[in-house]
Amino acid sequence: AGKARKPRVLLVDLDPQSSLSFLFGWSETMRQGEPTMYDALVEQKQIPVYRVREGIYLAPASKKLISIEPFL
């Protein structure tokens, strides 16, 4: 039959502390200028998805999410 499909998981981090993003190796300081969930929500841009491991993808948080309430 066909090739077996491997599971894929998307992790969406919406916490300004970015604990989930940090756990999977995302550093806002090291990846400065790259889009985060803040950009997707505030600027209505495409959700940024980065591959962090085989089958695991991350939409990272930003410290700027702490000030997002007025935009929601």
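The largest pocket holds about 150 Å³ of space. This is a predicted model, in which local features need pLDDT of at least 70, side-chain atom pairs count only at pLDDT 80 or more, and totals for chains, interfaces and linings use all residues. Residues are numbered from 1 along each chain as its sequence is written, and side-chain values use heavy atoms, with hydrogens and water left out.

**The largest pocket**

- A pocket is an open set of points on a 1 Å grid over the protein atoms alone, where a 1.4 Å probe fits, with protein on both sides within 12 Å along at least five of seven lines.
- Grid points are joined across faces, edges and corners, and the volume is the space filled by probe spheres set on the points.
- Lining residues have an atom within 4 Å of a point.
- Here the lining consists of Gln17, Ser18, Phe22, Trp26, Ser27, Glu28, Thr29, Ala61 and Lys63.
- By class, three of these residues are nonpolar, four are polar and two are charged.
- Ala, Val, Leu, Ile, Met, Phe, Trp, Tyr, Cys and Pro count as nonpolar; Asp, Glu, Lys and Arg count as charged; the others, Gly among them, count as polar.

**The overall chain**

- The protein chain has two helices and three strands.
- Along the sequence their pattern is β-α-α-β-β.
- Helices (H or I, at least four residues) and strands (E, at least two) are DSSP runs, numbered from the N terminus.
- The C-alpha trace spans about 50 × 25 × 20 Å along its principal axes.
- Of the 72 residues, 29% count as buried.
- Buried means under 20% relative accessible area, exposed means over 50%, and partly exposed lies in between (1.4 Å probe, protein chains only).
- Among contacts with a separation of 6 or more, 64% join residues 24 or more positions apart.
- Contact means heavy atoms within 4.5 Å.

- Rings of Phe, Tyr and Trp (its six-membered ring) pair if their centres lie within 6.5 Å; planes under 30 degrees apart are stacked, over 60 edge-to-face, and the rest tilted.
- The ring centres of Trp26 and Tyr50 are 4.8 Å apart and the planes stand at 35 degrees, so this pair is tilted.
- Trp26 is in the loop between helix H1 (19-23) and helix H2 (37-42), and Tyr50 is in strand S2 (residues 50-53), so the pair ties together parts 24 residues apart in sequence.
- Both Trp26 and Tyr50 are buried.
- Arg31 lies over the face of Tyr50, 4.9 Å from the ring centre.
- A charge sits over a ring if NZ of Lys or CZ of Arg is within 6 Å of the ring centre and within 35 degrees of the ring normal.

- Ser18 sits in the loop between strand S1 (9-12) and H1.
- Ser18 counts as buried, at 10% relative accessibility.
- Leaving out residues up to four places away in sequence, Ser18 touches Asp13, Ala61, Ser62 and Lys63.
- Ser18 has a phi near 60 degrees, a positive value in a residue other than glycine.
- Gln44 also is a residue other than glycine with a positive phi, near 50 degrees.
- Gln44 belongs to the loop between H2 and S2.
- Gln44 is exposed, with a relative accessible area of 71%.

**Pro7**

- Pro7 lies in the segment before S1.
- Pro7 counts as exposed, at 69% relative accessibility.
- The C-alpha atoms of Pro7 and Leu41 are separated by 27 Å, and the two residues are 34 apart along the chain.
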